[in-house]
Amino acid sequence: MYYLMLEIFIFGYILIVLEHNIHINKAATALIMGAGLWALYAIGADDILQLGFSESWKAWVEGGNETSHEGIVQFIVHHELTEHLSEIASIVFFLMGAMTIVEVIDEYQGFRIITNKIKVTQKSKLLVIMSLLTFFLSAALDNLTTTIVIVAVLAKLIKDDETRWYFASMVVISANAGGAWSPIGDVTTIMLWIGGQITALKIIEEIFMPSLVAMVLPMIVLAMKLKGEIDPPEMHEDEKTAFISLRDRIIVLVMGILALLAVPVIKSYTHLPPFIGMLLGLGVMWFMTDFKLHSKTAADRRMLNVGRILKKIDMPTVLFLMGILLGVGALSSAGHLNVLAGFMQEHFTDIYLQNTLIGVLSAIVDNVPIVAAFMGMYPIAEAGATGEMANFVVDGKFWEMLAYCSGTGGSILIIGSAAGVAAMGMERISFTWYLKNIAWIAAIGYLGGVALFYLEMYFM
C-alpha cells in the first residue's frame with residue numbers, strides 16, 4: 001500500500017499535466033488523488049507505519065500514545081489529518097478571501113483607476129514595470145496575494161490571451177522571488193523565521209540579491225521575446241455605466257488595499273495565521289459596501305452585492321489546490337517525503353547541492369512539507385560552531401539558501417507554488433504551455449540566483 005500511494009500520486013500528477021489533452025478538469029483529478037491517498041493510508045496504516053518511515057508516527061509513539069489499531073486510527077484521523085487539514089484550510093481561506101477582495105475592487109471598477117494611469121503601451125517596458133512592482137509588493141504582502149492583485153490588473157490592460165499569459169507567468173516568477181527575501185513574503189520563509197533558523201534583517205541582507213537575479217534574468221529574456229505594443233481590452237457595457245462614482249471607486253480601492261496591507265501587520269502583532277487578517281479585511285469591506293449600497297437603486301445593489309460577487313470566485317482553482325495539498329499531506333504523514341529527504345541527505349552531502357535540489361523538488365511537491373522535513377533533520381547549531389556545523393547556526397548558510405531555493409524553485413512549474421496555481425486558475429494557463437514556454441526561463445533565473453549565492457559565500 002505504501003508504494004501504491006506513491007504510484008497513484010505520480011499517475012494523478014500525469015493526468016493533471018495532460019488536462020487539456022484528456023479534457024478532464026485538474027480539480028477533479030486532484031480531489032480524487034488527495035482524498036484517495038488518505039483513504040489508502042487509513043486502510044493500509046498498520047503495514048505502512050510498521051515500515052518506520054514516518055517521523056510523525058515515531059514522535060507519536062515516543063509521546064507514549066497508544067500503538068494498537070485504535071491508536072493508529074486516532075493518530076491518522078484525529079492527529080495527522082486534523083493537523084494537515086488545518087494547514088490546508090489556512091491556505092484555502094486565505095486564497096478565497098484574497099480573491100474575493102480583488103473581485104470586489106474589480107466590480108467597483110477600482111482597478112480602472114490604476115490602469116488608466118498606466119500610459120506605457122510597449123510590451124517590454126510594461127513587463128519591466130509590472131515585474132518590479134510585483135517583486136517589491138510581494139515582500140510587503142506575500143507572493144499569493146500580490147499575484148492575485150497584479151493578475152487582476154493585467155486583465156484590464158492586455159486583451160491578447162497569450163501575451164497576458166506571458167505577463168502572468170512573469171508575475172508568478174517575480175512574486176515568488178520577492179517573497180523569498182522577505183520574512184513575511186512566503187510560507188516557508190515564515191516557517192524558518194518563526195522556527196528561529198533565520199532573522200528578519202539578515203535574510204533580507206543575504207537573499208535580496210539572489211532573489212533579484214531570479215527575477216531579473218527571466219524578465220530580460222521575456223522582454224526580448226515580447227515585441228510591439230499591447231492591445232488593451234474593450235470595456236464591458238457594465239463598466240461603461242456611470243452609476244459607480246469616482247469617489248466610490250477610490251473608497252473601495254483604498255479599502256481593499258488597506259485590507260491586504262493589514263494582513264502581515266495583524267499576523268506580526270497577534271501571531272495568528274494570515275487568513276484571519278484576510279477574512280477580517282473581507283468582512284470589513286463587505287460591511288462597508290453593504291452599508292454604502294443603501295443609497296443605490298435595487299438593480300445596482302444586486303450587481304454590487306458581495307454575496308453575488310462571491311459566485312465569481314474560481315472555485316475549481318481552490319479545490320485543485322486543496323486536492324494537491326491533501327495528497328502531499330498524506331505522503332508527508334506516511335513517510336514518503338521523509339524518505340526522500342533522507343535519501344538526499346545521504347547521497348548529496350553538499351549543502352548547496354541539497355538546497356538546489358530542494359528548489360527543483362518544490363516545483364513538483366509542495367515546498368512546505370519538504371522544508372519542514374529538513375528543519376526537523378538539522379537542528380540549529382549553537383552560536384560559534386565551526387566547520388560544517390557553522391552552516392546550521394541561526395542565519396547559517398544552509399537556512400538562508402533553503403529560504404531562497406524553496407521560495408523561488410516553485411516557479412519552474414506553474415503548479416509549484418500557490419501563486420502559480422492562482423494565476424493558472426485566473427488566466428486559464430495550461431500546464432503544457434507553461435512547461436514549454438516559461439519553465440526553462442524560470443529555471444535560468446533560479447539557477448542564476450543559486451550561482452550568485454554560491455559566489456557570495458565563497459568569494460565575498
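**Terms and their grounds**

Author: At 3% relative accessibility, glutamine 109 is buried. The model is a predicted one.

Reader: Why is glutamine 109 called buried?

Author: The term buried requires a relative accessible area under 20%. Glutamine 109 has 3%, and therefore it counts as buried. Its place is in the loop between helix H6 (69-107) and helix H7 (110-115).

Reader: What phi does glutamine 109 have?

Author: Glutamine 109 has a positive phi of about 60 degrees, although it is not a glycine. Most residues other than glycine have a negative phi.

Reader: Arginine 428 also has a positive phi; is this residue buried or exposed?

Author: Exposed means over 50% relative accessible area. Arginine 428 has 53%, so it counts as exposed. The phi of arginine 428 is about 55 degrees, and its place is in the loop between helix H23 (418-427) and helix H24 (431-437).

Reader: How do you know that the chain is as compact as a globular protein of its length?

Author: The chain has 25 helices and 0 strands. Its radius of gyration is 23 Å, close to the 23 Å that the globule rule gives for 460 residues, so the chain is as compact as a globular protein of that length.

Terms used
Residues are numbered from 1 along each chain as its sequence is written. This is a predicted model: local features need pLDDT of at least 70, side-chain atom pairs count only at pLDDT 80 or more; totals for chains, interfaces and linings use all residues. Side-chain values use heavy atoms; hydrogens and water are left out. Helices (H or I, at least four residues) and strands (E, at least two) are DSSP runs, numbered from the N terminus. Buried means under 20% relative accessible area, exposed over 50%, partly exposed in between (1.4 Å probe, protein chains only). The radius of gyration is taken over C-alpha atoms; the globule rule is 2.2 Å times the number of residues to the power 0.38.
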